[in-house]
Amino acid sequence: MEPPPAKKRRHRFQKVEERVSNLQHELTLHAKTTGAVDESSQLSFKEELGLQAELTTLDSFQLLFRALQPLVTTTPQLLHHLKKVVKRLQKELKEARDDTQDHVVQRQRLVPVLKLVTALARELGKEFYPHFAGTLPLVVAVIDTKDPELSTQVFKTLTMLFSYLRVQLLADMEAVHKCYFPLLGHPREFVRNFAAQTLAVLLRRLESPKAMRKYLRAYLTALVKGSGRSNEILRDGSAKLFFALVKNVNHGFHSRMREVLLFLLGSFRPKEEEKETQEYLEQQEAVFEIVYQTCGLMMKHTDADHSGEMLECLVLVVNKVTKIRHEKEEAPTEADDLYLSRVLRVLRGFLTSRIGRLVTGASDAYEVRVPSVHKVCATLVSPENKVLVSQSTALCDALMKTFEPVWRLFPAEDDVMSAQMKAIFAAAASNDEQEYWRTKILEFVNKELRNTHIDVSFVLEFVLPNAMEFALKTLIKTDVATFSSLLYQLGDYVADKAGEINEDQSAYIVRSKADSPYWLLSLGEIDANAEKTLFDTGRKLFKESEKNKDTESLAVCWKFCKVLQLLRLNDAKLISFTTPLITKCDERLKDESSACTTQVAALRAELWQLQQFAKHQKSKSSTITTKYVEQALLGKEASFKTLSTLLMLIDTEPEEKQHAVLTVDSLSRVAKSLLPTLRSPVHELRLVALQLLARFKRLNFLDSDNGLLTGLCDLPDVCVNLELSCKKISVATEREVVRLLTRVKILCRSPQTPELYKKIAVNQLLGLYHVKFSTIWTHIADAVETAVRLHFNEFWPCISAELLKALLRHEDANEKQDSDSSTSDVVAEFERVCMLEQGKVPASQATDAATHHSLLWKGLLKFTDLVEAKTKFMVPLFLTFLRDQYSSIYTDELDAKRLEEIDQALAKLEETNSKDESPDWRKPVEFQGLTTKEVRGKFVDQLKLFAAFRNMKGAYAQQLLHALFFDLLMKSDEVISKLALQCLYAFGSKAIVSYKTQLNRLTDSASFREELASFKIGEGEGVVLREHRQELLPVLLRLLYSKCVSKKGRNNGDTVAARRSAVLAYLAALEAPELASFVELVVRAFDVTIEAPETSTPGALVTAEAVTPVVAVSTVQPSRILGFLNLLEDLIDQLGVKLAAFVPRIADVLLAILQISIVSSEDDDMDGSAEAEEEDTTVAVGSKRKADEPSSTVDTLVTSASMKKQIRMLTYRRLAEMIDMVRRHSLIETH
């Protein structure tokens, strides 16, 4: 027998939103069916009580049943005992509501009681109403937001109560309001929805429109005069109530929608008898917000077929308001303007809802609805209605925002639209609120030009003429900055849409003599003297900028010059305008302070571009020559404006003329000057430089036996396409970028590709490291390696220049400031242009300095065999980094002697190299805001490169390098310690390389302990040869010392104390002379020299010499002194008698510490200061402490006074421990 099929899952737990939605439908259906049932078929209170007693077995309800049954045998008896029955039901409601142990039991207990209340109201009607006011709050209090089903049952009960008592309730709504305001203002949305639906059923029973208006007026008055004025939730609930009042099924509206909506639209109309106090204005604002939310819900609910009546109401109100404004002889008040603006705001919301489909989606859209909208627009622009002349910014703003969607979504006839737009622009020109209109017109034009639904013909026919006339006749006299911004937007739009514009399509645009821009704006149709006005305004503008000498005035001048490029002007007049201004800019650049030099240079570049275009278009024969190009680039190689100007001028010439000017001979000279630009972090600079180089006469592939590549070399074109692909690189375009990088790599690998093109490609690849997309960086490194391996010596100058620039590049976090929100758009745009002229880019748009440095040095690792021959550059680069950056962070690691050695090495290099060949290594560079993370990252990058070298014996300053790497072995940073060891391997010392495996395992935290157990270093163990010990042990001891002071462990058990104990136990196998270098490391901070004892006999006597002063103690940080004292404790415990030979020098240090601590303590006592500055250094803690010895953690070092006390205590203990150790072994001869 086959098994039955697997059952499908029949049950799924519903989310709260789904449960509420289903319950809302159920409540709606219940509200519609209430009262439809025949009253004769309904149960009496006695029958309902008996039915619920049979269905409910709870003890509490059975007690209620037994208490009520004798009182309700007949209706007269029920009326006689009504007070007792109601009181007992109210008591049960209270007790059941307070019983919250189980929500299911609570619901089973409350639902029968609610049904009994409903039955009581149904049977007694008006006799029950005196008790309704006391029962309603208890019923409402039963609502539980955690149990939507119970809340639904409560609202069903309320619906039926309202139905049975509607006559009495409609005459006395105050009782309902007291309980319903909290429900309409409930935090849970579904409660507000249920309350709105329930109350709406009652309100629809109001018989006359007058009664409806009276109630709504009373409701709104009570609302705004109470807490509802500031309660957003209550306002939302009120909007839901009004929406439920007009809502119907199937996207339709109730028959009473018209009267309700018209009342609501008039509810916030100003009243003449009311004084416009602040409280009154806030009340009107609250009413409008409720009405606006209600209309929003109605728009969301309805569709095109049912929205006609709502549009009629809105149109009717607007027409009525404008008619009142027309009939009034006096000017409309500010309150009248505010009311009209609010009505227009509601109308605009309707017009833009669903992109206008509520209007155009109906069958009678273009016969009824659209004409009604056009009629409203005609009414608004009519001068008799005094709308356009209003001084109210709210009304003007609403007017502009209403006309914009109408023109875009429901365009009228061309002459009608033209008249409307002309009227608005004319009103803006004549209005006293010029500053407001300047902003609004600019926003309107910008929105129209950027809207994808706007056709080009619409802009050319309506927007362009009016905006240009407004700019030339109004803005140029009042605000040149806005004038420039407006005309630049229009000119840029025309240039961008050049392919969609036909000849003679507009009298306000003309064909340009050049291909870019293709179309220019013409002001001749507006004013015959437009050119004179423009140039006079420009001269005045530049004179003001000379007086002000601020960035804002320079930005306005720059924007004005940008506009002149997009206008059709007389070339001779333009040259006469720009030439003296360029001369003045040159004078300002010589005399100007450094604060505005960049801004003036950017402005001069813009003027120079205007001048060159005008000269080129004026002369019949081209003025571009090879000499002209080279002279223009002289000193301006990194100027984006200069490069782009040359490129545009060259593009105006035919290809033959281009090749005659950009010859093969000049290519090498121009390319050499542009190589640093190709490595720039700015994408625009790299792109325009590549495009300019690609215009030169193309070189052919070199001849070869295989003949695979022939003809013109296409590597410049590939580089241009690669740069274009990297502009907005993403996951979608990554594959294309990788393909182009692979193509560049293949062409660079080929011996047929000209070397000059390879050099251009390599410099561009170095610039592409600035692109913030990590997946392409490996492909860039591979392509660079391929090209460099073929022409290393030729490409090395470019690589070394980029390495030096990356090392000096620093992003100071203190200099990064957020852009000022008050800065105008023109100034912000001008600042971006100035950054571009400087070759800078916002930090968010390029690879950060630390990552860029790491990428360059990782790239060098791919051809370290070649880089190793360039130590005369790499070593000074490393030394200058140590001097200028590393020493500023790690202040106590490079002493004066080491810095002097670095300076001597750099001086020696300067003597051997000419100044033109190498940088000025000896000149220090000051850095501000360096961080430890940044400096450490650069340091690690350079160490990784040196660690990859195979032979450092022939490196420049190899002795100094060896000493530096030797010192770095004792760094507590495990990564640096490992890399320093790898660097020492490259010196080829047999005594160290022979134990490479053991040393590597000792530097690794994972294998450190295992290697301590296996790598025996005792002289009698035979693991380390005798001839290797002298050179190996200092290296080994430094590595072990780094483990002693390192605070980071592999896991929780790998503490400082555990590692220190393991290392010192390991070192116990060494004799005293071999331990001297380790002890010297312990006291190195105090500048104390430890001499190895002549004998290694443990019992040898040690003579206690006179105390030797240790001056360096006063310069050591207290945290390092504490670390020394903690480590010394473990040395004494672990090494014991072997430490006796070094007791005198250690005692000198302890006595010096004690002396300094006592003197400073006495000074503090004399000053009477009880507190000192907090220490911001962390103490190296981890050694074991005695039971009565306080731990030297940061918590105990809150003040310097407590630290001094701790230092004194630990110093005394270390002295006592040393004396006990020496006394036990009888090693000191008493004098």
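This is a predicted model: local features need pLDDT of at least 70, side-chain atom pairs count only at pLDDT 80 or more; totals for chains, interfaces and linings use all residues.
Which residues does Lys971 touch, not counting residues up to four places away in sequence? Keep that question in mind while you look at the structure. The answer is Tyr886, Tyr890, Glu893, Ile976, Ser977 and Ser1042.

Where does Lys971 sit? It is in the loop between helix H45, residues 958-968, and helix H46, residues 974-985. Is Lys971 buried or exposed? Its relative accessibility is 11%, and buried means under 20%, so Lys971 counts as buried.

Now step back to the whole chain. The chain has 1231 residues, and 51% of them count as buried. It holds 55 helices and two strands. What about contacts? Take the contacts between residues at least 6 apart in sequence. Of these, 74% join residues at least 24 apart. Then the surface. The chain exposes about 59,500 Å². Carbon and sulfur atoms supply 50% of that area.

Here is one pair of positions that illustrates distance along the chain. Ala1201 and Ser1157 are 44 residues apart along the chain. Their C-alpha atoms are separated by 10.0 Å. Ala1201 belongs to helix H55, which covers residues 1200-1225. With 34% relative accessibility, Ala1201 counts as partly exposed.

Next topic: salt bridges. How many does a search of the whole structure find? It finds 55. I'll show you three of them.

Start with Asp236 and Arg192. Their closest N and O atoms are 3.0 Å apart. This pair links distant parts of the chain. Asp236 is in helix H13, residues 232-246, and Arg192 is in helix H11, residues 189-203.

Now Arg342 and Glu285. These two also form a salt bridge, with the closest N and O atoms 2.5 Å apart. Arg342 lies in helix H17, residues 334-352, while Glu285 lies in helix H15, residues 278-301, so the pair ties together parts that are 57 residues apart in sequence. The surroundings of the two partners are worth checking. Arg342 has 9% relative accessibility, so it counts as buried. Glu285 has 33%, so it counts as partly exposed.

The next pair is Asp536 and Arg539. The closest N and O atoms of this salt bridge are 3.6 Å apart. Where are the partners? Both lie in helix H25, residues 530-548. They are three residues apart, about one turn of the helix. Asp536 is partly exposed, at a relative accessible area of 36%. Arg539 is partly exposed too, at 35% relative accessibility.

Salt bridges can also share partners. Here, that joins Arg88, Glu92, Glu95 and Arg109 into one network.

Last topic: patches on the surface.

Which residues gather in the patch of positive charge? They are Lys210, Arg213, Lys214, Arg217, Lys225 and Lys271. Look at Lys214 in particular. It lies in helix H12, which runs over residues 209-224.

Glu413, Asp414, Asp415 and Glu461 form a negative surface patch. Asp414 lies in helix H21, residues 414-430. At 42% relative accessibility, Asp414 counts as partly exposed.

And the nonpolar patch. What is it made of? Leu43, Leu51 and Leu55 make a nonpolar surface patch of about 250 Å². Find Leu43 on the structure. It lies in the loop between helix H1, residues 16-33, and helix H2, residues 45-55. Leu43 is partly exposed, with 33% relative accessible area.

Let me close with a recap. Lys971 is buried in its 11% accessibility, and its contacts include Tyr886 and Ser1042. The search of the whole structure gives 55 salt bridges. One of them pairs Arg342 with Glu285, and another pairs Asp236 with Arg192. On the surface, Lys214 is part of the positive patch, and Asp414 is part of the negative one. Thank you.

Terms used
Residues are numbered from 1 along each chain as its sequence is written. Side-chain values use heavy atoms; hydrogens and water are left out. Patches are made of residues with over 30% relative accessible area and no salt bridge: like charges are joined within 9 Å, nonpolar side chains (Val, Leu, Ile, Met, Phe, Trp, Tyr) within 5 Å. Accessible areas come from the Shrake-Rupley method with a 1.4 Å probe; for residues, only the protein chains shown count as cover. A salt bridge is a side-chain nitrogen of Lys or Arg within 4 Å of a carboxyl oxygen of Asp or Glu. Lys and Arg count as positive and Asp and Glu as negative; His and the chain ends are not counted. The place of a charge is taken as NZ of Lys, CZ of Arg, CG of Asp or CD of Glu. Helices (H or I, at least four residues) and strands (E, at least two) are DSSP runs, numbered from the N terminus. Buried means under 20% relative accessible area, exposed over 50%, partly exposed in between (1.4 Å probe, protein chains only). Contact means heavy atoms within 4.5 Å.
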